Amino acid sequence: MPTITQDGLPGLCLSPTITDRFRAFDAQHPWIYRALEQLVEERLGAGAKKVGMKALFEALRWRHPHEITGLNNDYTALYARKLLAEHPQWSSVIETRRRRSP
């Protein structure tokens with residue numbers, strides 16, 4: 001018996017994942033990652049033992065109110081993982097949790 005698919009029907013298209021949206025956003029706004037790196041370094045330089053990504057997002061929004069359009073809170077964990085991939089020495093400072101989705 002042949003397999004029947006419903007590709008192309010309205011309402012059945014798969015929307016981009018958070019990871020897909022993050023990658024597109026990050027590619028369009030590379031300065032945000034650099035600003036997050038700088039904020040982590042500032043916090044560590046001020047003696048912080050832990051750095052929260054949501055707090056960094058709010059700091060960015062405060063410092064750049066007209067340049068942050070599209071900075072979605074869904075991206076906090078992905079930016080944290082990107083920072084840790086490039087700065088493994090921060091693993092005791094930036095906490096991440098196990099991902100529920102790939």
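These legends describe close-up views of a predicted model of one chain. Residues are numbered from 1 along each chain as its sequence is written, and side-chain values use heavy atoms, with hydrogens and water left out. Because the model is predicted, local features need pLDDT of at least 70 and side-chain atom pairs count only at pLDDT 80 or more, while totals for chains, interfaces and linings use all residues.

View 1. From the N terminus on, the elements run α-α-α-α. Helices (H or I, at least four residues) and strands (E, at least two) are DSSP runs, numbered from the N terminus. Of the 102 residues, 30% count as buried; buried means under 20% relative accessible area, exposed over 50%, and partly exposed in between (1.4 Å probe, protein chains only). Among contacts between residues at least 6 apart in sequence, 55% join residues at least 24 apart, where a contact means heavy atoms within 4.5 Å.

**View 2. The salt bridge between Arg21 and Asp74.** A salt bridge is a side-chain nitrogen of Lys or Arg within 4 Å of a carboxyl oxygen of Asp or Glu. By this rule there are four salt bridges. In the one shown here, the closest N and O atoms of Arg21 and Asp74 are 3.3 Å apart. Arg21 lies in helix α1 (residues 18-28) and Asp74 in the loop between α3 (53-63) and α4 (76-86), so the pair ties together parts that are 53 residues apart in sequence. Arg21 is partly exposed, at 31% relative accessibility, and Asp74 is partly exposed too, with a relative accessible area of 36%.

View 3. The side chain of Asp26 forms a salt bridge with that of Lys82, with an N to O distance of 2.4 Å. Lys82 is in helix α4 and Asp26 in helix α1, so this pair ties together parts that are 56 residues apart in sequence. Asp26 is buried, with a relative accessible area of 11%, whereas Lys82 is partly exposed at 24%. Not counting residues up to four places away in sequence, Asp26 touches Tyr33, Tyr79 and Lys82.

**View 4. The salt bridge between Arg63 and Glu42.** The side chains of Arg63 and Glu42 meet at 3.0 Å, N to O. This pair links distant parts of the chain, with Arg63 in helix α3 and Glu42 in helix α2 (residues 30-45), 21 residues apart. Arg63 is partly exposed, with a relative accessible area of 45%. Glu42 also counts as partly exposed, at 34% relative accessibility.

**View 5. His29 in the loop between α1 and α2.** At 19% relative accessibility, His29 counts as buried. Leaving out residues up to four places away in sequence, His29 touches Thr69 and Tyr79. The C-alpha atoms of His29 and Gly70 are separated by 9.8 Å, and these two residues are 41 apart along the chain.

**View 6. The buried residues of helix α4.** Thr76, Leu78, Tyr79, Ala80, Leu83 and Leu84 are buried in α4. The buried residues of this helix pack against α1, α2 and α3.

**View 7. The crossing of α2 and α4.** Two packed helices are described by the angle between their axes and the distance between the axes. Axes are lines fitted to C-alpha atoms, for helices over the stretch in contact, and angles run from 0 to 180 degrees between N-to-C directions. The axes of α2 and α4 come within 11 Å and cross at roughly 70°. That makes α2 roughly perpendicular to α4; angles under 35 degrees count as roughly parallel, over 145 as roughly antiparallel, 65 to 115 as roughly perpendicular and the rest as oblique. From α2, Ile32, Tyr33, Leu36, Glu37 and Val40 meet Tyr79, Lys82, Leu83 and Glu86 of α4. By class, the contact of α2 with α4 has six nonpolar, no polar and three charged residues. Ala, Val, Leu, Ile, Met, Phe, Trp, Tyr, Cys and Pro count as nonpolar, Asp, Glu, Lys and Arg as charged, and the others, Gly among them, as polar.

**View 8. The packing of α3 and α4.** The axes of α3 and α4 are 9 Å apart, at an angle of about 105°. The two helices are therefore roughly perpendicular to each other. Met53, Lys54 and Phe57 of α3 make the contact with Thr76, Tyr79, Ala80 and Leu83 of α4. By class, the contact of α3 with α4 has five nonpolar, one polar and one charged residues.
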